[in-house]
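Here is a short briefing on one protein chain. Look at the sequence and the structure first, then read on.

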Amino acid sequence: MSVHSLRGFRDLLPADAALFAGIEAAAREVFALYGYQELRIPTIELKELFVKSTGDTTDIVEKEMYAFTDGGGREVAVRPEGTPGMVRAYIEQNLSQTGRNAKYFYMGSMFRAERPQAGRYREFEQIDVEHIGNAAPFADAETIAMLVKLLEKVGVEGCSVEINSLGCAECRKVYRETLLAYLRLNAATLCEPCKGRIERNPLRALDCKTDGPALAEKAPKLALCPACAEHFARTQQLLTMAGVNYKVNPSLVRGLDYYTRTVFEVKTTALGSQDAVAAGGRYDDLVKSMGGPAAPAIGWGMGVDRVAMLLKDKLAIDGSPKTFIVSASADAQDQAFRLLAALRAAGISADSSNLTLSLKSQMRSADKSGAAFALIIGEDEVKAGTVTVKPLKEKGEQFTVPVSDAPAKIKELLERKNL
Ligand code: ATP
Ligand code: MG
């Protein structure tokens with residue numbers, strides 16, 4: 001058997017995992033400020049849920065979904081995105097009846113079988129939010145402002161926010177016909193997949209990676225009805241009020257079926273063609289169309305892998321222990337084991353290698369550990385009830401303290417030297 005991971009699936013070694021965890025921690029802080037609560041949903045749902053909500057003409061469902069028949073003969077899928085599951089939970093758990101704001105966040109893996117490359121994986125992590133039951137432009141501005149705040153907080157620089165409005169079902173109905181007429185006329189210039197799907201979903205052609213850019217320039221533009229135009233104008237006013245720098249991009253359509261009115265994308269120039277860091281939009285009709293109450297909603301998803309790539313060189317997160325305990329003789333092992341516990345109880349991270357190994361081997365591990373101090377207990381120390389402290393990161397003489405004073409002394413040194 002050859003031992004290897006699947007293409008597009010990867011291991012996050014401690015430095016990367018710490019970076020992901022740091023981004024998640026920042027997100028939790030920001031979400032708390034904005035009144036968002038966590039809601040965890042399953043990784044696997046009925047396939048039909050994604051087909052009906054994300055849409056069967058979207059790339060995600062048509063080409064990228066990990067779907068299979070489970071042992072019980074059910075057609076299921078590993079989630080390619082979170083919104084369908086969230087909407088299902090909102091309906092199934094009667095969340096419209098809680099009397100509280102339905103503002104939820106969740107984080108975790110999404111799965112899409114697309115061509116793996118830098119910034120594009122088959123399992124990737126998203127941090128997502130959904131705000132269900134608020135139709136006002138305040139919700140649009142708040143959610144976009146929160147996304148910008150989060151990116152700022154984690155230290156992502158040089159991003160641009162693009163927004164557009166796709167209008168409501170009414171605007172779209174009119175536009176669908178105009179666009180379809182245009183696409184039929186120009187069908188010869190379209191890529192094969194688009195030729196096949198324009199009748200079912202003409203808007204998809206605008207989001208197609210092949211045809212989209214040219215069409216965005218030449219195809220007729222969507223005209224918003226007065227109510228949608230008002231919503232879009234007000235959203236922009238509020239974004240300005242919230243201090244968000246944004247650009248209106250009339251070609252921004254997003255690939256999913258359920259979007260209405262405001263859609264947005266945060267892009268960076270630092271990641272080549274994988275330039276979208278986060279994206280989202282309104283889905284005012286989705287909850288109702290899935291059998292729930294009329295509940296207009298808005299949400300976004302942020303690609304944690306891409307954010308981590310942007311931060312990699314800037315954020316060196318050190319998960320090394322502060323202290324490394326070394327037992328320098330056989331009769332010192334129990335003392336060393338107790339000292340580990342005492343340090344940890346005092347809130348100081350402490351580690352050791354195998355305490356039964358040679359002093360030389362344990363000291364080698366201490367040097368590699370990244371710890372600030374080695375705490376060494378040998379025969380003499382056991383007799384005297386002391387421990388020898390050897391600085392590993394900075395130059396300095398080693399010294400001896402009573403074992404019982406060691407945690408307080410180390411704590412003081414770590415703080416004073418900012419280690
Ligand atoms: P793209 O145009 O890059 O394929 P998308 O429109 O398919 O992105 P969304 O469904 O909007 O992406 O997902 C939200 C975010 O999740 C994206 O902005 C991106 O940062 C991230 N993302 C999407 N697909 C992947 C992937 N395969 N690998 C890593 N991150 C991804
Ligand atoms: Mg995609």
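Into which domains is the chain divided? Domain 1 covers 14-167 + 224-311 and domain 2 covers 323-416, with bounds that come from an automatic or database domain assignment. This is a predicted model, in which local features need pLDDT of at least 70, side-chain atom pairs count only at pLDDT 80 or more, and totals for chains, interfaces and linings use all residues. Residues are numbered from 1 along each chain as its sequence is written, chains are lettered from A and ligands numbered from 1 in the order in which they are written, and side-chain values use heavy atoms, with hydrogens and water left out.

**Domains**
- The C-alpha centres of domain 1 and domain 2 are 48 Å apart.

**Nonpolar cores**
- A nonpolar core is a set of buried Ala, Val, Leu, Ile, Met, Phe, Trp, Tyr and Cys residues joined through side-chain atoms within 4.5 Å; buried means under 20% relative accessible area, exposed over 50%, and partly exposed in between (1.4 Å probe, protein chains only).
- The largest core has 42 residues, and Val-307 is among those with the most contacts inside it.
- Helix α5 (residues 137-154) gives the most to this core, with ten residues.
- A second, separate core has 41 residues, including Tyr-90 and Tyr-283.

**Helix α16**
- Helices (H or I, at least four residues) and strands (E, at least two) are DSSP runs, numbered from the N terminus.
- In α16 (residues 406-416), Ala-406, Pro-407, Ile-410, Leu-413 and Leu-414 are buried.
- These residues lie on the same side of α16, because they cover an arc of only 130° around the axis, taken from the directions from the helix axis to the C-beta atoms.
- Ala-408, Glu-415 and Arg-416, on the other side of α16, are exposed.
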